[in-house]
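I opened this notebook to record what I looked up, entry by entry. The structure is shown first.

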Amino acid sequence: MNKTAVLGKKVRLTTEFYMILPAVTILAVITLFPFFYTIWLSLMSYPMIQLSEVKFIGLGNWLKMLRDPNVRTYWWVTIKFACSALAIEVVLGLTVALFLSKLKLFQDLLTTIIIAPVFFAPVLVGLIGKFIYDDSFGIYTYFFHSLGLFTDKSLFGTTATALPILVGLDVWEWTPLIVLIFLAGLKSLPSTPFEAASLDGANEWNMLWRLTFPMLKPVLFVALIIRTMDILRYFDVFLVTTRGGPANSTKIMSIGIYDAAFQAYRMGYAATLTLTMLFLTIILGNLFVKFFLTEKGGA
Amino acid sequence: MRAVIKIIGWVFFVVFLLWTIFPVFWMLSSSLKVEVNMFTIPPKWLFKPSLINFRNLGRDFGIWRYIKNSLVAAGTTTVIALVFGSMAGYGLSRGRKNAAKKQIAFWMITTRMAPVVGVIVPLYMLFKFFGVVGKLPALIIAYTTFNLPFAVWLMKAFFDDLPKEIEDAAMVDGCSKFKAFFVVGLPMVKPGLVAVATLCFMFAWNDYGFAVVFTSGPTQTLPVATARLMTEFGIVWGQAMTLGTILLSPVLVIGILIRKHLVHGLTFGAV
């Protein structure tokens, strides 16, 4: 290696450093600093409405959280919501994607039409949900009543139906994204194994279970991570529909934290709960980066 | 047998299609209904369309102010994310791979994935301290916490897919690394830039969680104004659905224009 090449490499490294620096600095100020502040906050009793009472309590909030039965409820609702939404979205999304991938005509057009819900603001999804499931004039309520279902119940006001309806709204908004993900996955499958299998006389059903589904595993993994993260991330729909009610039956973790912070104004406790969610995010992020390292060869 | 499966497939898909687009249709048609036609049970499928809701929103509700706030907040964060994100994305994509770069990439993706409420709590305390709660810059900072890492990560993915040879050739011709990025790299990822800009804008434009905490009165954005219709005055459904239509239309149009990159963007470059 000659001298200029070594020199060239050195110059290149510093240019990249300076290109990354502004973004990293901005993010350090607006995210890293708040993050460490959250950790500090979680060690404080910090009632926002009575600032004279602010004091350091060490692990007090953490111990309180471990004993708090409400926290268990919030997590349980979050898990119920996430698991049912994800399961339905994956099965439905995969089926629709398989159907669309077999189409020769109109595939692009139909795909474009069904992705409309993805562009809805979550708050708007909540609002529309309230509109179509309204007890007196909601159109979906009317459909249900015509079928003789839920005639004596308020859909958002009953513990048995409120969470399933919110799951339905999530499925409505995000199944199209899952369809897109699986459709992209199906299109990128290699054709050789299928040709070989059909030469060996395998039927389509066998190919689906033995070849297509196993080869879609990485795509499924991505879909699950992205959707899990989004479910943990957004709470707009809950905020404008049930706000966690009735009787905490739809109180996901995010709403629990929101209430601790902006209803009870106990910022220290809210920070503690926040950190448990961020911890989950870090695990998800780790899995996602691992996916890039194994599937794409380098993050 | 094949024909039967085919028919079942189509029936299933048509049901799915109707279920998917019905709420969209219902929102649009409700925005064109006068109050009398809105709440009739059984529903009125045919009615005389009216623009009265749009007119009320423009005249009495002062919708332009909310549109302006939304545009300023979403537009500014998009520009910030795009400028610094494309630079950093390029820096991460090129040159030697090392542990620091990997750590930065990991940090970016976890920051983007962080729950909204997890960012709101500490930012609220800090904004309170600096006295900026209720002002638009607070909202722009809040949006940048997720849009900038998103732009960095996705632009890196777009640059990773580019062949490096052209830039190398430019540098052999005496171009500096930064100039190679600006003159050669950036024009080649133009579709990527458009996709990232669109998605950054959409995430901010559609946000409610941050905006409801960090804005007040004159700085409220469109989603907050929309949701406000359902609490303060009872629920003014005609106007709420109209505002919803206005909120949806721009992102629906630009979103469909970039639909080729949509899945790449929404999965952070994984698909």
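**Conventions.** I worked on a predicted model, in which local features need pLDDT of at least 70 and side-chain atom pairs count only at pLDDT 80 or more, while totals for chains, interfaces and linings use all residues. Residues are numbered from 1 along each chain as its sequence is written, chains are lettered from A and ligands numbered from 1 in the order in which they are written, and side-chain values use heavy atoms, with hydrogens and water left out.

**Chain B overall.** I found 14 helices and zero strands in chain B; helices (H or I, at least four residues) and strands (E, at least two) are DSSP runs, numbered from the N terminus. The C-alpha trace of chain B spans about 70 × 70 × 30 Å along its principal axes. Of the 271 residues in chain B, 59% are buried, where buried means under 20% relative accessible area, exposed over 50% and partly exposed in between (1.4 Å probe, protein chains only). I also looked at contacts (heavy atoms within 4.5 Å): among those in chain B between residues at least 6 apart in sequence, 74% join residues at least 24 apart.

**Domains of chain B.** The division is into domain 1 (1-50) and domain 2 (57-267), with bounds from an automatic or database domain assignment. Their centres, taken over C-alpha atoms, are 33 Å apart. I noted seven residues of domain 1 of chain B in contact with seven residues of domain 2 of chain B. The two domains bury about 600 Å² between them, 79% of it on carbon and sulfur atoms; buried area is the accessible area (1.4 Å probe) that two parts lose on being put together, summed over both. In domain 1 of chain B, the most area is lost by B:Met27, B:Ser31 and B:Met38, together 62% of what that side buries. Helix H1 (residues 2-31) of chain B supplies the largest share of the domain 1 side, five residues.

**Chain A against chain B.** I counted 101 residues from chain A and 99 residues from chain B in the contact. The chains bury about 9000 Å² between them, 83% of it on carbon and sulfur atoms. In chain A, A:Met19, A:Phe119 and A:Arg233 lose the most area to chain B, together 9% of what that side buries. There are four salt bridges between the chains. B:Arg259 forms a salt bridge with A:Asp108, the closest N and O atoms being 3.1 Å apart. Helix H1 (residues 3-41) of chain A gives the most to the chain A side, with 21 residues.

**B:Arg94.** I located B:Arg94 in the loop between helix H4 (63-93) and helix H5 (99-113) of chain B. B:Arg94 counts as buried because its relative accessibility is 2%. A polar atom of the B:Arg94 side chain lies 3.1 Å from the backbone oxygen of B:Phe159. Not counting residues up to four places away in sequence, B:Arg94 touches residues including A:Glu16, B:Asp160 and B:Glu167.

**Two sites in chain A.** I recorded helix H5 (residues 122-132) of chain A as largely enclosed by the rest of the structure, because 10 of its 11 residues are buried. A:Ala247, in contrast, counts as exposed, at 71% relative accessibility. I placed A:Ala247 in the loop between helix H11 (236-240) and helix H12 (253-262) of chain A.

Methods:
Polar contact = N/O pair within 3.5 Å; in protein donor to acceptor, adjacent residues only side chain to side chain. Salt bridge = Lys/Arg side-chain N within 4 Å of Asp/Glu carboxyl O.
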